[in-house]
Amino acid sequence: MKNIKHLVVGLLFGIILVKSEVISWFRIQEMFRLQAFHMYGVIGSAILVAMISILLIKRFQIKTIDRQTVVIPDKTFHWGNVYGGLIFGLGWAITGACPGPLFAQIGSGFMVITVTLLSAVAGTWFYGLIKEKLPH
Amino acid sequence: MEYIKQPWPWYIAGPLIGLVVPALLLLGNKTFGISSSLRHICAACIPANINFFKYDWKKESWNLFFALGIILGGFIATDLLSVPGNVHINPATANLLRQQGVKDFTGLLPKDIFSFTQLFTLRGFVFIVVGGFLVGFGTRYAGGCTSGHAIMGISSLQWPSLVATCCFMIGGFIMTWLILPFLLQL
(Lines give C-alpha, C1' and ligand atoms only; values in the text may rest on other atoms or scores of the structure.)
Protein backbone atom coordinates (compact mmCIF):
# COMPACT_ATOMS: atom_id res chain seq x y z
CA MET A 1 0.00 0.00 0.00
CA LYS A 2 1.35 3.38 -1.01
CA ASN A 3 0.88 4.98 2.40
CA ILE A 4 3.19 2.56 4.18
CA LYS A 5 6.18 4.69 3.19
CA HIS A 6 4.62 7.70 4.90
CA LEU A 7 3.97 5.61 7.99
CA VAL A 8 7.65 4.59 8.01
CA VAL A 9 8.85 8.21 7.69
CA GLY A 10 6.46 9.14 10.52
CA LEU A 11 7.82 6.29 12.61
CA LEU A 12 11.42 7.46 12.17
CA PHE A 13 10.34 11.04 12.90
CA GLY A 14 8.60 9.85 16.07
CA ILE A 15 11.76 8.07 17.22
CA ILE A 16 13.82 11.24 16.70
CA LEU A 17 11.25 13.36 18.59
CA VAL A 18 11.49 11.08 21.61
CA LYS A 19 15.26 10.49 21.52
CA SER A 20 16.00 14.22 21.31
CA GLU A 21 13.56 14.90 24.18
CA VAL A 22 11.74 17.41 21.95
CA ILE A 23 8.48 15.91 23.25
CA SER A 24 9.41 16.77 26.84
CA TRP A 25 7.33 19.44 28.55
CA PHE A 26 10.49 20.38 30.47
CA ARG A 27 12.45 21.06 27.27
CA ILE A 28 9.75 23.47 26.09
CA GLN A 29 9.78 25.29 29.45
CA GLU A 30 13.55 25.59 29.19
CA MET A 31 13.27 26.92 25.63
CA PHE A 32 10.72 29.64 26.44
CA ARG A 33 12.77 30.68 29.49
CA LEU A 34 15.84 30.99 27.24
CA GLN A 35 17.77 28.74 29.61
CA ALA A 36 19.05 26.21 27.08
CA PHE A 37 20.13 26.08 23.47
CA HIS A 38 18.84 22.54 22.89
CA MET A 39 15.45 23.27 21.27
CA TYR A 40 16.80 26.21 19.28
CA GLY A 41 19.59 23.96 18.03
CA VAL A 42 17.15 21.22 17.02
CA ILE A 43 14.72 23.52 15.19
CA GLY A 44 17.46 25.73 13.71
CA SER A 45 19.54 22.87 12.32
CA ALA A 46 16.38 21.15 11.04
CA ILE A 47 15.46 24.31 9.11
CA LEU A 48 19.02 24.61 7.74
CA VAL A 49 19.19 21.00 6.53
CA ALA A 50 15.68 21.21 5.04
CA MET A 51 16.59 24.47 3.29
CA ILE A 52 19.76 23.03 1.74
CA SER A 53 17.82 19.91 0.69
CA ILE A 54 15.15 21.98 -1.06
CA LEU A 55 17.79 24.13 -2.79
CA LEU A 56 19.51 20.96 -4.06
CA ILE A 57 16.20 19.47 -5.25
CA LYS A 58 15.43 22.66 -7.17
CA ARG A 59 19.00 23.23 -8.45
CA PHE A 60 19.37 19.70 -9.84
CA GLN A 61 15.67 19.27 -10.62
CA ILE A 62 15.55 16.04 -8.67
CA LYS A 63 12.31 14.15 -9.35
CA THR A 64 10.16 12.14 -6.94
CA ILE A 65 10.38 8.34 -7.01
CA ASP A 66 7.36 8.44 -9.36
CA ARG A 67 9.33 10.72 -11.73
CA GLN A 68 7.21 13.76 -10.90
CA THR A 69 8.50 17.30 -10.53
CA VAL A 70 8.67 18.35 -6.89
CA VAL A 71 6.05 20.99 -6.15
CA ILE A 72 5.95 23.14 -3.02
CA PRO A 73 2.74 25.20 -2.87
CA ASP A 74 3.17 28.87 -1.93
CA LYS A 75 1.66 30.07 1.33
CA THR A 76 -0.15 33.38 1.12
CA PHE A 77 -0.17 35.68 4.11
CA HIS A 78 -3.36 36.21 6.09
CA TRP A 79 -3.82 37.71 9.54
CA GLY A 80 -4.60 34.26 10.87
CA ASN A 81 -0.86 33.65 10.66
CA VAL A 82 -0.53 36.28 13.39
CA TYR A 83 -3.64 35.75 15.56
CA GLY A 84 -3.63 31.97 15.21
CA GLY A 85 0.13 31.91 15.71
CA LEU A 86 -0.17 33.78 19.00
CA ILE A 87 -2.97 31.48 20.20
CA PHE A 88 -0.98 28.38 19.28
CA GLY A 89 2.05 29.83 21.10
CA LEU A 90 -0.02 30.24 24.28
CA GLY A 91 -1.14 26.62 24.03
CA TRP A 92 2.33 25.32 23.15
CA ALA A 93 3.79 26.71 26.39
CA ILE A 94 0.98 25.10 28.43
CA THR A 95 0.96 21.62 26.89
CA GLY A 96 4.68 21.65 26.13
CA ALA A 97 3.82 20.05 22.82
CA CYS A 98 2.89 20.96 19.30
CA PRO A 99 0.80 18.48 17.26
CA GLY A 100 3.69 16.15 16.27
CA PRO A 101 4.92 15.65 19.85
CA LEU A 102 1.32 15.06 21.02
CA PHE A 103 1.23 11.91 18.87
CA ALA A 104 4.72 10.89 20.06
CA GLN A 105 3.80 11.43 23.73
CA ILE A 106 0.83 9.08 23.32
CA GLY A 107 3.14 6.47 21.78
CA SER A 108 5.53 7.04 24.67
CA GLY A 109 2.86 5.83 27.05
CA PHE A 110 1.33 9.06 28.31
CA MET A 111 -2.23 7.92 27.69
CA VAL A 112 -3.72 11.04 29.25
CA ILE A 113 -2.40 12.99 26.25
CA THR A 114 -5.10 11.31 24.13
CA VAL A 115 -7.40 13.75 25.97
CA THR A 116 -5.15 16.65 24.91
CA LEU A 117 -5.19 15.37 21.33
CA LEU A 118 -8.98 15.05 21.32
CA SER A 119 -9.17 18.57 22.71
CA ALA A 120 -6.87 19.77 19.90
CA VAL A 121 -9.21 18.09 17.39
CA ALA A 122 -12.09 19.92 19.09
CA GLY A 123 -10.15 23.20 18.78
CA THR A 124 -9.60 22.58 15.07
CA TRP A 125 -13.29 21.75 14.66
CA PHE A 126 -14.30 24.94 16.50
CA TYR A 127 -12.05 26.93 14.15
CA GLY A 128 -13.87 25.38 11.18
CA LEU A 129 -17.20 26.28 12.78
CA ILE A 130 -16.44 29.99 13.32
CA LYS A 131 -13.90 30.52 10.52
CA GLU A 132 -16.10 32.95 8.56
CA LYS A 133 -16.48 35.22 11.59
CA LEU A 134 -12.75 35.46 12.37
CA PRO A 135 -10.41 38.15 10.97
CA HIS A 136 -8.02 36.73 8.36
CA MET B 1 23.56 0.52 20.91
CA GLU B 2 24.43 2.10 24.26
CA TYR B 3 24.99 5.37 22.44
CA ILE B 4 21.56 5.17 20.76
CA LYS B 5 19.91 4.58 24.14
CA GLN B 6 21.26 7.87 25.51
CA PRO B 7 19.34 11.09 24.67
CA TRP B 8 20.44 12.44 21.30
CA PRO B 9 22.12 15.87 21.11
CA TRP B 10 20.55 18.63 19.04
CA TYR B 11 23.19 18.42 16.29
CA ILE B 12 22.16 14.81 15.59
CA ALA B 13 18.39 15.17 16.02
CA GLY B 14 17.94 18.53 14.26
CA PRO B 15 19.53 17.55 10.93
CA LEU B 16 17.66 14.21 10.99
CA ILE B 17 14.36 16.08 11.44
CA GLY B 18 15.41 18.36 8.57
CA LEU B 19 15.80 15.31 6.32
CA VAL B 20 12.12 14.45 6.83
CA VAL B 21 11.35 17.37 4.48
CA PRO B 22 13.17 16.04 1.37
CA ALA B 23 12.11 12.48 2.27
CA LEU B 24 8.41 13.39 2.07
CA LEU B 25 8.94 15.51 -1.06
CA LEU B 26 10.80 12.80 -2.95
CA LEU B 27 8.66 9.86 -1.78
CA GLY B 28 5.37 11.38 -2.88
CA ASN B 29 5.46 15.16 -3.33
CA LYS B 30 4.14 15.71 0.19
CA THR B 31 4.90 18.84 2.20
CA PHE B 32 5.87 18.27 5.83
CA GLY B 33 3.14 19.30 8.25
CA ILE B 34 1.29 17.61 11.05
CA SER B 35 -1.50 19.88 12.26
CA SER B 36 -3.43 19.18 9.03
CA SER B 37 -4.01 15.67 10.38
CA LEU B 38 -6.30 17.22 13.01
CA ARG B 39 -8.38 18.79 10.23
CA HIS B 40 -8.55 15.49 8.37
CA ILE B 41 -9.78 13.77 11.55
CA CYS B 42 -12.56 16.39 11.76
CA ALA B 43 -13.42 15.97 8.08
CA ALA B 44 -13.52 12.18 8.43
CA CYS B 45 -15.35 11.89 11.75
CA ILE B 46 -17.33 15.04 12.53
CA PRO B 47 -17.75 17.17 9.36
CA ALA B 48 -21.17 18.44 10.59
CA ASN B 49 -21.89 20.12 7.25
CA ILE B 50 -19.20 22.76 7.92
CA ASN B 51 -17.67 24.09 4.70
CA PHE B 52 -14.13 23.94 6.08
CA PHE B 53 -14.46 20.17 6.43
CA LYS B 54 -16.10 19.52 3.04
CA TYR B 55 -13.23 18.16 0.97
CA ASP B 56 -11.91 14.76 -0.01
CA TRP B 57 -9.89 13.96 3.12
CA LYS B 58 -9.08 10.51 1.75
CA LYS B 59 -6.77 12.19 -0.78
CA GLU B 60 -4.82 13.54 2.18
CA SER B 61 -4.85 10.32 4.15
CA TRP B 62 -1.04 10.01 3.87
CA ASN B 63 -0.95 12.61 6.65
CA LEU B 64 -2.91 10.31 8.96
CA PHE B 65 -0.54 7.43 8.22
CA PHE B 66 2.35 9.79 8.99
CA ALA B 67 0.72 10.68 12.33
CA LEU B 68 0.11 7.00 13.10
CA GLY B 69 3.79 6.39 12.36
CA ILE B 70 4.75 9.04 14.93
CA ILE B 71 2.73 7.20 17.60
CA LEU B 72 4.49 3.92 16.73
CA GLY B 73 7.87 5.66 16.66
CA GLY B 74 7.19 7.13 20.09
CA PHE B 75 6.41 3.66 21.39
CA ILE B 76 9.51 2.05 19.86
CA ALA B 77 11.85 4.83 21.00
CA THR B 78 10.56 4.73 24.57
CA ASP B 79 10.24 0.98 25.05
CA LEU B 80 13.18 -0.32 23.04
CA LEU B 81 15.67 2.50 22.51
CA SER B 82 15.76 4.33 25.83
CA VAL B 83 17.01 4.01 29.36
CA PRO B 84 14.59 5.56 31.88
CA GLY B 85 15.79 8.73 33.52
CA ASN B 86 15.24 12.39 34.15
CA VAL B 87 15.39 14.90 31.35
CA HIS B 88 18.62 16.79 32.03
CA ILE B 89 17.27 20.29 31.83
CA ASN B 90 19.08 23.37 33.05
CA PRO B 91 19.02 23.24 36.89
CA ALA B 92 17.92 26.89 36.88
CA THR B 93 14.75 25.90 34.98
CA ALA B 94 14.16 22.96 37.32
CA ASN B 95 14.55 25.16 40.41
CA LEU B 96 12.20 27.76 39.02
CA LEU B 97 9.56 25.15 38.14
CA ARG B 98 9.94 23.63 41.61
CA GLN B 99 9.30 27.03 43.19
CA GLN B 100 6.27 27.46 40.94
CA GLY B 101 4.77 24.17 42.12
CA VAL B 102 6.01 21.35 39.85
CA LYS B 103 6.97 18.31 41.92
CA ASP B 104 7.64 15.40 39.56
CA PHE B 105 10.80 15.53 37.42
CA THR B 106 11.20 11.80 36.76
CA GLY B 107 9.94 11.60 33.17
CA LEU B 108 9.44 13.51 29.94
CA LEU B 109 6.32 15.15 31.39
CA PRO B 110 5.56 16.06 35.02
CA LYS B 111 3.08 13.41 36.15
CA ASP B 112 1.75 15.68 38.91
CA ILE B 113 0.17 17.73 36.09
CA PHE B 114 -0.33 15.31 33.19
CA SER B 115 -2.19 12.25 34.48
CA PHE B 116 -5.74 10.92 34.58
CA THR B 117 -6.01 11.65 38.31
CA GLN B 118 -5.05 15.28 37.66
CA LEU B 119 -7.46 15.62 34.72
CA PHE B 120 -10.34 16.32 37.11
CA THR B 121 -8.54 19.06 39.01
CA LEU B 122 -8.67 22.65 37.80
CA ARG B 123 -4.93 22.73 37.08
CA GLY B 124 -4.97 19.40 35.26
CA PHE B 125 -7.98 20.47 33.19
CA VAL B 126 -6.25 23.70 32.13
CA PHE B 127 -3.00 21.95 31.14
CA ILE B 128 -4.53 18.87 29.52
CA VAL B 129 -7.76 20.13 27.97
CA VAL B 130 -7.56 23.93 27.58
CA GLY B 131 -3.95 23.76 26.37
CA GLY B 132 -4.83 21.15 23.75
CA PHE B 133 -7.79 23.21 22.56
CA LEU B 134 -5.56 26.28 22.07
CA VAL B 135 -3.04 24.16 20.14
CA GLY B 136 -5.71 22.77 17.81
CA PHE B 137 -7.53 26.07 17.31
CA GLY B 138 -4.36 28.17 16.97
CA THR B 139 -2.52 25.92 14.52
CA ARG B 140 -5.48 25.73 12.17
CA TYR B 141 -6.12 29.49 12.40
CA ALA B 142 -2.41 30.07 11.71
CA GLY B 143 -2.45 27.55 8.87
CA GLY B 144 0.24 25.31 10.34
CA CYS B 145 2.37 24.41 13.32
CA THR B 146 6.05 24.03 14.12
CA SER B 147 6.50 21.49 11.33
CA GLY B 148 4.39 23.11 8.62
CA HIS B 149 5.41 26.71 9.24
CA ALA B 150 8.68 26.79 11.22
CA ILE B 151 10.46 23.95 9.42
CA MET B 152 8.70 23.40 6.05
CA GLY B 153 7.64 27.01 5.51
CA ILE B 154 10.82 28.82 6.51
CA SER B 155 13.09 26.32 4.75
CA SER B 156 11.17 26.89 1.50
CA LEU B 157 11.57 30.66 2.04
CA GLN B 158 7.91 31.53 2.64
CA TRP B 159 7.71 34.75 4.61
CA PRO B 160 4.18 34.16 6.00
CA SER B 161 5.67 31.14 7.78
CA LEU B 162 8.39 33.30 9.32
CA VAL B 163 5.69 35.68 10.58
CA ALA B 164 3.69 32.76 12.00
CA THR B 165 6.77 31.26 13.68
CA CYS B 166 7.63 34.59 15.34
CA CYS B 167 4.04 34.74 16.62
CA PHE B 168 4.33 31.15 17.98
CA MET B 169 7.37 32.28 19.97
CA ILE B 170 5.75 35.52 21.18
CA GLY B 171 2.67 33.60 22.34
CA GLY B 172 4.91 31.10 24.11
CA PHE B 173 6.94 33.80 25.85
CA ILE B 174 3.77 35.59 27.02
CA MET B 175 2.39 32.35 28.43
CA THR B 176 5.63 31.19 30.06
CA TRP B 177 6.66 34.48 31.63
CA LEU B 178 3.34 36.14 32.46
CA ILE B 179 0.57 33.55 32.77
CA LEU B 180 2.03 30.10 33.46
CA PRO B 181 3.25 30.93 37.01
CA PHE B 182 -0.39 31.53 37.96
CA LEU B 183 -1.70 28.45 36.13
CA LEU B 184 0.85 26.26 37.95
CA GLN B 185 -0.55 27.53 41.28
CA LEU B 186 -4.16 26.54 40.46
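Trainee: How many helices and strands are there in chain B?
Mentor: This is a predicted model, in which local features need pLDDT of at least 70, side-chain atom pairs count only at pLDDT 80 or more, and totals for chains, interfaces and linings use all residues. Residues are numbered from 1 along each chain as its sequence is written, chains are lettered from A and ligands numbered from 1 in the order in which they are written, and side-chain values use heavy atoms, with hydrogens and water left out. Helices (H or I, at least four residues) and strands (E, at least two) are DSSP runs, numbered from the N terminus, and along the sequence chain B reads α-α-α-α-α-α-α-α. The count for chain B is 8 helices and 0 strands.

Trainee: What box do the C-alpha atoms of chain A fill?
Mentor: From the N terminus on, chain A runs α-α-α-α-α-α, which comes to 6 helices and 0 strands. Taken along the principal axes, the C-alpha atoms of chain A fill a box of roughly 45 × 40 × 35 Å.

Trainee: What area is buried between chain B and chain A?
Mentor: The size of an interface is often given as the accessible area lost when the parts come together. Here 126 residues of chain B are in contact (heavy atoms within 4.5 Å) with 108 residues of chain A. Buried area is the accessible area (1.4 Å probe) that two parts lose on being put together, summed over both. Carbon and sulfur atoms give 78% of the area between chain B and chain A, which is about 10400 Å².

Trainee: Which three residues supply 8% of the area that chain B buries against chain A?
Mentor: The share of these three is more than that of any other three residues of chain B. They are B:Trp10, B:Leu108 and B:Tyr141.

Trainee: How are α6(A) and α6(B) placed relative to each other?
Mentor: The axes of helix α6 (residues 113–130) of chain A and helix α6 (residues 122–142) of chain B come within 6 Å and cross at roughly 45 degrees, where axes are lines fitted to C-alpha atoms, for helices over the stretch in contact, and angles run from 0 to 180 degrees between N-to-C directions. Angles under 35 degrees count as roughly parallel, over 145 as roughly antiparallel, 65 to 115 as roughly perpendicular and the rest as oblique. Therefore α6(A) and α6(B) are oblique to each other.

Trainee: How do the residues of the contact of α6(A) with α6(B) divide?
Mentor: Among the residues making this contact are A:Phe126 and A:Tyr127 of α6(A), and B:Phe133 and B:Arg140 of α6(B). Ala, Val, Leu, Ile, Met, Phe, Trp, Tyr, Cys and Pro count as nonpolar, Asp, Glu, Lys and Arg as charged, and the others, Gly among them, as polar. The contact of α6(A) with α6(B) divides into 11 nonpolar, 6 polar and 1 charged.

Trainee: At what angle do α2 and α4 of chain A pack?
Mentor: A:Trp25, A:Ile28, A:Gln29, A:Met31 and A:Phe32 in α2(A) meet A:Trp92, A:Ala93, A:Ile94 and A:Thr95 in α4(A). The axes of helix α2 (residues 25–32) and helix α4 (residues 80–95) of chain A are 8 Å apart, and the angle is about 125 degrees.
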